[in-house]
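The exercises below are meant for a reader who is new to this structure. Please keep the sequence and the model in view while working through them.

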Amino acid sequence: MVLTDKQATAPLAKGAATAPSEEGTAKDAAPRSLVDVVKAYVALTKPRIIELLLITTLPVMFLAAKGLPPLWTAVNTLVFGTLSAGSANALNCYVDRDIDAAMRRTRRRPLAREQVPPANALIFGIVLGVLSTVGLGLTVNWLASALSLGANLFYVLVYSMILKRRTAQNVVWGGIAGCMPVLIGWAGVTGSLDWAPVVLFGVVFFWTPPHTWALAMRYKEDYATAKVPMLPVVATERRVAVECILYTWATVLCSLLLWPIAGTTPLYPVVAAVLGAVCLWEVHGLLGRVNAGKTGVDLRPMRFFHWSNAYLALLFLAVAIDSMLL
């Protein structure tokens, strides 16, 4: 249950906060106390990213149950899903430790600061992955467990180790891992899959690139320094803005498909349409600023980034509320 590390830099549960600024020295002294050690290992799991995953997992469980999901199914899915996401994030830190040390935004992460030995981070990530996979299988079901394991392997092996450093389409296809929580949540309740979670999978899939590219526009120099070929590094600002518009339109249209497919109440499509209209207004505004000759920080890409955070959180909240009305 993971999202790309750039996609999920803000905790939706806290109202779409910005990506943390991680200015500072690339290296720090190793932790000297037990509290410091614990904090370092917790930081490896990227807790703020995990909050985003929970925001997309739990509402789908409400939808699958057509109301309140079974308590222990929900608790176990979220607990072991958290361990699964922590595993993937820790392994991503291990793979990306050279990139993190080169980027101002990430150079205060534990491995970049040499707070945790790389080998320990690798073992820590693997142990969390085993615990989460077995735990989901024994307490929820093995379909949810398999989906979670598949998401972790895809994120680490395909996105982190192959796509991220080689193609500007890295977050398009790498973002598949971040879409998996909706399938896991549904499978946790029903033991099967259906078209409704596939639609929400599509929403997250189309939402990921413009959300991530807006962040990458703000930290373009960071990614260039680390030699990560994010789209804003290799393409013009106009092309990035146009592609953000196309993916945002796809996101909004896909979100509206849930109404007929899942048989929601009228509440959901109304909320989805309003949220989508505001999101489209913001992303078209980004292109408008490009056409007006603005560039760099003056484009204010983080404005769209913040709104896209709020959009996803509120949309999934609407899914949960609507499910209670069925």
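The model is predicted: local features need pLDDT of at least 70, side-chain atom pairs count only at pLDDT 80 or more, and totals for chains, interfaces and linings use all residues. Residues are numbered from 1 along each chain as its sequence is written, and side-chain values use heavy atoms, with hydrogens and water left out.

**Exercise 1. Helix H8**

Step 1. Helices are DSSP runs (H or I, at least four residues), numbered from the N terminus.

Step 2. The expected span of a helix is 1.5 Å times one less than its number of residues.

Step 3. Buried means under 20% relative accessible area, exposed over 50%, and partly exposed in between (1.4 Å probe, protein chains only). Twelve of the 15 residues of H8 are buried, and the helix is mostly covered.

Step 4. Contact means heavy atoms within 4.5 Å.

Step 5. Just after H8, Gly191 has a positive phi of about 75°.

**Exercise 2. Leu147 and its contacts**

State where Leu147 is placed and which residues Leu147 touches.

Step 1. Leu147 belongs to helix H6. Its relative accessible area is 14%, so Leu147 is buried.

Step 2. Leaving aside residues up to four places away in sequence, Leu147 touches Met180, Leu183, Ile184, Ala187 and Leu193.

Step 3. Between Leu147 and Gly185 there are 38 residues of separation in sequence and 10.0 Å in space, C-alpha to C-alpha.

**Exercise 3. Helices H12 and H14**

Find at what angle the axes of H12 and H14 cross, and which residues of H12 are buried.

Step 1. The 20 residues of H12 should span 28 Å at 1.5 Å a residue, and the end C-alpha atoms are 29 Å apart, which agrees.

Step 2. Axes are lines fitted to C-alpha atoms, for helices over the stretch in contact, and angles run from 0 to 180 degrees between N-to-C directions. The axes of H12 (residues 237-256) and H14 (residues 267-291) cross at roughly 175° and come within 9 Å.

Step 3. Angles over 145 degrees count as roughly antiparallel. H12 and H14 are therefore roughly antiparallel to each other.

Step 4. Their contact has 17 nonpolar, five polar and two charged residues. Here Ala, Val, Leu, Ile, Met, Phe, Trp, Tyr, Cys and Pro count as nonpolar, Asp, Glu, Lys and Arg as charged, and the others, Gly among them, as polar.

Step 5. The buried residues of H12 include Val240, Glu243, Tyr247 and Val252. By contrast, Leu246 lies in H12 and counts as exposed, because its relative accessibility is 57%.

**Exercise 4. The nonpolar cores**

Identify which residues touch the most other members of the largest nonpolar core.

Step 1. A nonpolar core is a set of buried Ala, Val, Leu, Ile, Met, Phe, Trp, Tyr and Cys residues joined through side-chain atoms within 4.5 Å.

Step 2. The largest core has 78 residues, of which Leu63, Leu200, Trp213, Tyr223 and Leu258 touch the most other members. H9 gives the largest share of this core, 13 residues.

Step 3. Leu200 touches Val60, Leu63, Val182, Leu258, Phe316 and Val319, residues up to four places away in sequence not being counted.

Step 4. A second, separate core has seven residues, including Leu44, Leu111, Val116 and Ala121.

Note on methods: Helix = DSSP H or I, 4+ residues; strand = E, 2+ residues; numbered from the N terminus. Parallel < 35°, antiparallel > 145°, perpendicular 65-115°, else oblique.
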